[in-house]
Amino acid sequence: MPVKVDLRKWGGKNFPYIVAWIGMGITLFILLVLKLRLDILILIGPFIPYLIISLVRIRQELKR
Amino acid sequence: MILAHITVPLILYGFFPQLHLLSLLLGANISSLDALPTLIRKKTPKNPLAETHAATVLHTLFFFIVLFIPIYVFNPIVALSFMIGGFTHVLLDCLDEKGRMLLYPLSKKFYGPKILTYDFWTYVTDKRIFILESSLFVAACIVLLIR
């Protein structure tokens, strides 16, 4: 069930998971860019605003 | 599911290279567009399982069946790839405890085996899920490197 999270505490406790997830994400992204070339923009374009919103919210949460 | 929305279509592409990769990936990720209300919300709703993400028509098999017809006229391979990609998203998502509206528009009930957690924070730190997602990741990387 959903859990209320203190992002700073949670991040410190689960650092290895965060690094692994981000590492897998970046690796997959690089391989996809190499495969799809410019077509990758069609795939990620609609999600760029989502990424920006998420990063802003994470920053706000960490500043609190 | 997080990375599985990319890795599972990639593995499928490894088995069926005649599919159109970009359409497969687009179909497999377009459903996530309904996450916007969840992202911009100010407060966590009392019942997070009732939130917008995954509860719209984008997370139904019906949506992809309807889109299949007009895209098929344009290009049958693109249409089929897009529909298969979309199906993978909905079917993978129905593994979580929320389930998905698999029978929409006949029923608005959420169906699925409901074996994985829906909560993001629990999901990314669950050992079992991490092993599953990282295995799929390795398989997808192999497909991308050899194809």
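Pro105(B) is placed in the loop between helix 5 and helix 6 of chain B; helices here are DSSP runs of H or I with at least four residues, numbered from the N terminus. Tyr104(B) and Pro105(B) are joined by a cis peptide bond, with omega at about 5°. The model is predicted, so that local features need pLDDT of at least 70 and side-chain atom pairs count only at pLDDT 80 or more, whereas totals for chains, interfaces and linings use all residues. Residues are numbered from 1 along each chain as its sequence is written, and chains are lettered from A and ligands numbered from 1 in the order in which they are written.

The loop between helix 5 and helix 6 of chain B is also the place of Lys114(B). Lys114(B) has a positive phi of about 50°, although it is not a glycine. With 15 C-beta neighbours inside 10 Å, Lys114(B) counts as partly exposed; on this scale, with C-beta atoms placed from the backbone, a residue is buried with 20 or more other C-beta atoms within 10 Å of its own, exposed with 12 or fewer, and partly exposed in between. In chain A, Arg37(A) has a positive phi of about 55° and is not a glycine either. Arg37(A) lies in the loop between helix 2 (15-36) and helix 3 (40-44) of chain A, and it is exposed, with 9 other C-beta atoms within 10 Å.

Helix packing in chain B comes next. The axes of helix 4 (residues 61-74) and helix 5 (residues 76-93) of chain B come within 7 Å and cross at roughly 170°. That makes helix 4 of chain B roughly antiparallel to helix 5 of chain B. Axes are lines fitted to C-alpha atoms, for helices over the stretch in contact, and angles run from 0 to 180 degrees between N-to-C directions. Angles under 35 degrees count as roughly parallel, over 145 as roughly antiparallel, 65 to 115 as roughly perpendicular, and the rest as oblique. The residues of this contact, meaning pairs whose backbone-placed C-beta atoms lie within 7 Å, divide into 15 nonpolar, one polar and no charged. In this classification, Ala, Val, Leu, Ile, Met, Phe, Trp, Tyr, Cys and Pro are nonpolar, Asp, Glu, Lys and Arg are charged, and the others, Gly among them, are polar.

Helix 1 (residues 4-15) and helix 7 of chain B have axes that come within 8 Å and cross at roughly 45°. These two helices of chain B, helix 1 and helix 7, are therefore oblique to each other. Their contact comprises 12 nonpolar, two polar and one charged residues.

The largest nonpolar core has 26 residues, and those with the most contacts inside it include Leu10(B), Tyr13(B), Met83(B) and Ala140(B). Such a core is a set of buried Ala, Val, Leu, Ile, Met, Phe, Trp, Tyr and Cys residues joined through C-beta atoms within 7 Å. Helix 1, helix 2, helix 5 and helix 7 of chain B each give two or more residues to this core. Leaving aside residues up to four places away in sequence, Met83(B) touches Gly27(B), Phe64(B) and Phe68(B).

Finally, between the chains, 24 residues of chain B are in contact with 22 residues of chain A. Helix 7 of chain B gives the most to the side of chain B that touches chain A, with six residues. By class, that side of chain B has 18 nonpolar, five polar and one charged residues.

Technical notes
Two residues are in contact if their C-beta atoms, placed from the backbone, lie within 7 Å.
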